[in-house]
Structure formats: structure tokens, C-alpha cells
Amino acid sequence: MADQSCYHCGEDIPTNMDFQVEVLGEPRAMCCPGCQTVAQTIVDSGLVSYYQYRTTKAEKADLVPEELQALVHYDNEQVQSEFVSVDDHRSEVTLSLEGVSCAACAWLIERHLSASDGVLSIRVNTTTHRATLIWDQTQTKLSKLLSTIRQLGYKAAPFEADQQEAAYHRQMKQYLYRLGVAGLATMQIMMLAFALYFEVFGDLDSEFKNYLRWVSLIFATPVMLYSALPFYLNALRSIRSGTLGMDVPVSIAMIFAYIASLIATITQQGEVFFESISMFAFFLLIGRFLEMRARRKAAAASGNLLKLIPAMATKLNGDKVPVKALKINDKVRVLPGENVPADGTVLSGRIHIDESMLTGESVPVVKQEGDRVFAGTINGEEAFDLEVKATKADSMISNIIKLQDQAQLSKPKIAKVADIVARYFVSIVLITALTTWLYWHFQKPDEAFWIMLSVLVATCPCALSLATPTALTCATSSMSRLGILLRKGHVFETLCKINHLVVDKTGTLTYGDMEIYQVDTYTGVSEKEVLAIAASIESHANHPIARAFQHYHDPNISVTNVENSIGAGLQGMYHSKQVKIGSYEYVLGDGSDSEANTVYLSLSNQHIASFKYRDPIREQAAEFISKFKHQGVEVTLLTGDTNESALAVANKVGIDNVIAKARPQDKLNFLNQQDKNQISLMVGDGINDAPILAGAHLSVAMGSGTDVAKASADMTLLGDRLDRILQARTLALQTKKLFTKI
């Protein structure tokens, strides 16, 4: 398709474009929706002979506005690689939306997009003005879906932090202009209205009073035509699509009041309410303006993460290239003090990386050859070479933003109820207003119209449908600052209800990183040498105990011809002598004198050293358990480790209920056998914890845990600080109190 030209206008067809029209019995390729529309119109009108006898190609079709034609470029694979995640034919993108003001707008977009071919899922967040769109790229194009959203009256584009910030500032500037016009007009009209209300000009002619009404009309008209325009546009979108948003009764009330006041001014009969119209628009705009600022502050935390990724990267030869152009397996150099440009692995050097933006910990993390580093983190004082392992769309930062958006889009019950009630509440308001007018029309006809307007104005459901999601988003943002990522929207509700804490041991209450805390040497070999020998031979293994020796590596000591006996130990050659490390039975041939948590080393079958290891307990573990117990929460240690190891940790942190040697299915069975009144919070990190993390009422995965555990949990604790879970529960309780006030 890339080498073809458009059958209608003759221009080259962009890569991955698939617009076709059957002309003269054959499918003809088109370069854009405009040419496709024109060609189809010619064929449908029976004018296909045009193509038979034409001497030159037609001019490029311009039926589709230039703004919509630009959407076609979003179908290009190279363009999409920056913001679209692809899994087989399933594509996912986060969109920025303009024009969304309430739950009815979100419902409208979701309803229309869900009915489109190829759309698998669409969820709109009215608070952050973002949408998560999942579609089948073999059935539809992204440009077509974006065009559908624009036909509804909203603007949509792939989310980019810089572009959304620019759009936010444009929108805020427009609101300030509208707010300024409404404020100035309100002040002027109120001065005139004050004089009329208190009959300051009572001794003057009625013509002068009417003159003041005309002046008020002049001031009120810009408010109606300019300041209140967002309300009319939102109401028009709602009515045109068959839904009822909160701006419908607002717009009706303002238009009716203005028309009635205009008629009263012209006929010089009745009352005018220009000051009420201007003041109503002014205060509504203030509310929208402040709400927009609150939304912006809540949503900025995740959006600003993308700004940490630099725009340019340095190739190994010194050339500067755009970060968006980096591909997997590309190699770049990260200079001291620079932000890492992409997720990847360290090719050389021993460096310090500031990962505070991910974990909240200010202490730099040591990284060596083969270790993973993440885009946006800050390099220390040493340059290093990096091999790119993920695109920007699949980076850790992008995944964090997706998790936050998913958590906000997965609405808790109270937010869903608020959306539904708000949508139907507008219908009830309109019916009530009409009924009110009918009743008072027969009771007091002169006052019926104004009583009806009062009903419309006083019953606007702004707080119901806006305050709830805004409160949720602010709480989610606060969770993010604590280093907690949410995946499910029920977190706030369930955190308030938990009465049973279930914790794993290794990697949760402990660090999950073994350390050597005692070395016993024999036959006169130095401690430094036996540690170096052990580090060299254990470098050929990948189990937790082997990693405990990696800090003792000595480049002058090397063990060769290493063989691994799974579950027993390793053996190799050191200075032409056989060296073994592992269990007592494997190394020395007899298990009668073996000790728990001990590794043995022999040289030529002679015992030369013993190493005692342990998994250190986290500093916050004891306080974490104590505070939950103080709040009346039952605590259980559920681990697959031995009874001895489990009881040793439980005694130190203060847990009485211990279940050891539990397999993954045993952990899940324990959860299922609980009393129905128990609401459990499970904290774990390993693959074996995944089933219970997925099955618990609420679950937290440690940031250092496995990807499977993180995917199964409702929350991810980035910094591995257990006390942050307690802070999250306090925040959830505060959010619940706020809901009760709303």
C-alpha cells in the first residue's frame, strides 16, 4: 500500500492507511477519509463514468476538515509506538479529552464508542479528563474512533503531559476571560438593580427607570452570549445525543430568565432579573474554575511523571537522538546527573541511581552490570552505558500512570451511585419544574414562570456528580504520594472495613534478601579467602542464598569447571583442587551434624568454613503489626516457610497466629474458610502469593515482589515501607468521612 497512489487525487498513500472504494468493479485505494467520501458519493450518485473519461486526477478532497484529516496520522505504527500499547491485535491508549464537564458527558462518550465496531472497552474519567480506550486494530482505526468522539462535540487526542498542560492553560485562560466579563457585568448591573430595588430614583420619570433596565440589558448580554457559552454547549451536546446533563436545567433557567427580562424591558411591563442571570453565571463559573484547578492538582501527579523522561538521549558515539526514536536493544550513554531516558539494563559500571520518584526513598540504589534501571530515574556521579529494553509506552512510568487511571476508572460503589442518580436527577428536576409551572399557572399565573425558574436553578446536581469523583481522585493522588499505586476502585471502601490482616513472611515482613551474618573458618584459611571462594562458585547459581555472597567477590580468586547439583550445592576446581559448597550432606557426606540456615564449604573434601545466613526483618515490621492489633485487627502470619523460621519471625514482630508450610492452594483455602464477617487484607510479594492476593477482599503487593503478585493485587507498595499501608488506611477513613458530608 505504501507504493500506491490515491485513485481519486493521485497523492501517495501514507503507510498503514486502508481507505478503499469499489469503482468500476474493483477496489480502489484512497489516501484519506476525504477522498474516500467523495469517491463513494460519486459512485452512489451513478456518476462513475467520471472516472472512465477523466483526463487528470481530481484535486485532493477537502470535505473532511483539516483537523480531522490530521487524525489519520495517529494510525501510523511509528507514531503509535510512543503512546499505544499493543498485545496481539488488542491496542490500548490513554486519551486526553476536552469539553467533558460531568458524568453525563462520560456516559455519552462511553455509550457511543462502545457501540462502534472493534471497540473492546472505553472508560472516561471526568475528573482527570482522560479516557482509556481498548480496540481491535484489525477491525477499526484509531483515527476513526477519535473522529467519532469529535462528532459528539468533544476533542480527543493521545495523552501527552506537555500537550495536556498546554490545553489546561488555554482552558484556564478562557475561563478567566469569561469569569472576568461575568464579574464586571455583575458589579455594574447590581449597582443599577440596587437603586431600582430601593427606589432611589423614585421621584424620577418611568422613562429613566426603563433606561436603567436597557443599560442592565447591555451589560447582561455579553454574559449570556460569551461567559455562559460553556453551559449552552454542554447542554446542546446532551440534548443532541439524547441524554440530560446538569447544564441542561442551568441553560434553560438562564435563557428563560433572559428572554423574560428582555420582553419586560421592551414592553416596559413586569420585572427584570439581569442581575440574577449575571450573578448566577458568575458564581457557576467560579465553581467550575475552582473545580478545574482541584482536578488539575489531583491529576498532575501522574502526568508530571512523564516529564521526568528527557527529550533527548546520547548514543555511544556521542550523537543526540530523540528519546521517542529509541528502539529496543538500542545502546545509549547516560551522563552524570542525567535522567535515565528509557527502561533498560546497565551494560557497564557500578553506579548509584536515585529512584525516589518510584519508591519514595531518598537513598540512591546501587546498580551493577545487568541490573535494571527505569526511565525518569536520576543517574549519580558516574556515566554508564544502557541497553534499551522497553519503549516509552511500555516503560515503568507509563505503566504507573495506567495503573492510576485504571484505579480511578474502576469506580467504587458510591461514585457509581452518584453518576446514576445525577443522570436521572436532571430528568426529575425538569419534570418537577414543569409540574410546578402547571400548578402555579392555575393558582398564581403571574408568579408561575418565576417559581419554575427557581426550581431549575436551586436543584442543579453539581455537587453530587462532581464532588464525589473529585474527592476520589484527590485521595488517589495522595495515595500516589505515599508510594501506593491503586489498581481497583474499591480500595477506599474496603480499607475502612478490614478486620483481619494476613501477611506473608519472606519479602514482606523480611527483606527477602539473605545476608551472611556469621563465618566460621577451619584449617587456618582466612575469612576473606573463604568468602571470596564461596562468592566465585555461587556466582554460577541464582538462588537467594547465592546472592548473599555476591558482595564478597574478589577478581583474583576464581573457581572453574563449576557444576550445579540442584537442591544440594555446587562443586568446581580451585587451584587444581575440588571445592564444594552446599548442604552438610553434599559437602561432607554426613547430615548428622548439620545446622539450620547454614552453608558448608570444603576444599579437597576437607571442611574449611561454615556460613550462617538469615533474612533480616524489616525495620517497620514490629510497629506495623502492633498498630494494626491496636486498631482491633486480627493478624495472621501465612507462609510457605518452615515452622522454625516462621515462629522466629512471628515472635520478634508480635504475631500469635502462625500458619507455616502453606502451599499456594493452602493459602487460598485458608482465606476461603474464614468467617463471613471477616474482611481480610493480604500483604505478599511472591508468585506463591498470587492466588490469595487475587482472592482476598483487599490485597497489597510489595514493590520488590514478582510481576505476577503485582498483577494479582489491588494495590502495589512501591517503596516497601509497611507503615505506608497504615497511612493509606487513615486516608481511606478520612475520604469516607468526606463522602458522608457530600
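Predicted model: local features only at pLDDT ≥ 70, side-chain atom pairs only at ≥ 80, totals over all residues.
Residues are numbered from 1 along each chain as its sequence is written, and side-chain values use heavy atoms, with hydrogens and water left out.

Trp440 sits in helix α14, residues 413-443 (helices are DSSP runs of H or I of at least four residues, strands are runs of E of at least two, and both are numbered from the N terminus). Leaving aside residues up to four places away in sequence, Trp440 touches Pro445, Ala448 and Ile451 (a contact means heavy atoms within 4.5 Å).

Now for the annotated spans. An unreviewed UniProt entry places the feature "transmembrane region" at residues 175-199, 211-232, 244-266, 272-290, 421-442 and 448-472; such annotations may be inferred rather than shown by experiment, and their positions follow the numbering used here, with feature names shortened. In the model, residues 211-232 are 95% helix and 0% strand, with end C-alpha atoms 29 Å apart. For residues 272-290 the figures are 89% helix, 0% strand and 30 Å. Helix α10, residues 247-267, has 21 residues and reaches 30 Å from its first C-alpha to its last, close to the 30 Å expected at 1.5 Å a residue (the expected span is 1.5 Å times one less than the number of residues). Just after α10, Gln268 takes a positive phi of about 60 degrees.

Where do the nonpolar side chains gather? The largest nonpolar core has 39 residues, and Leu501, Leu509 and Phe628 have the most contacts inside it (such a core is a set of buried Ala, Val, Leu, Ile, Met, Phe, Trp, Tyr and Cys residues joined through side-chain atoms within 4.5 Å). Helix α27, residues 723-741, gives the most to this core, with 5 residues. A second, separate core of 32 residues includes Ile189, Phe280, Phe289 and Val455.

Finally, a word on confidence: the protein averages a pLDDT of 77, and 77% of the residues score at least 70 (pLDDT is the predictor's confidence in each residue, from 0 to 100).

Methods:
Buried < 20%, exposed > 50% of the residue type's maximum accessible area, 1.4 Å probe, protein only.
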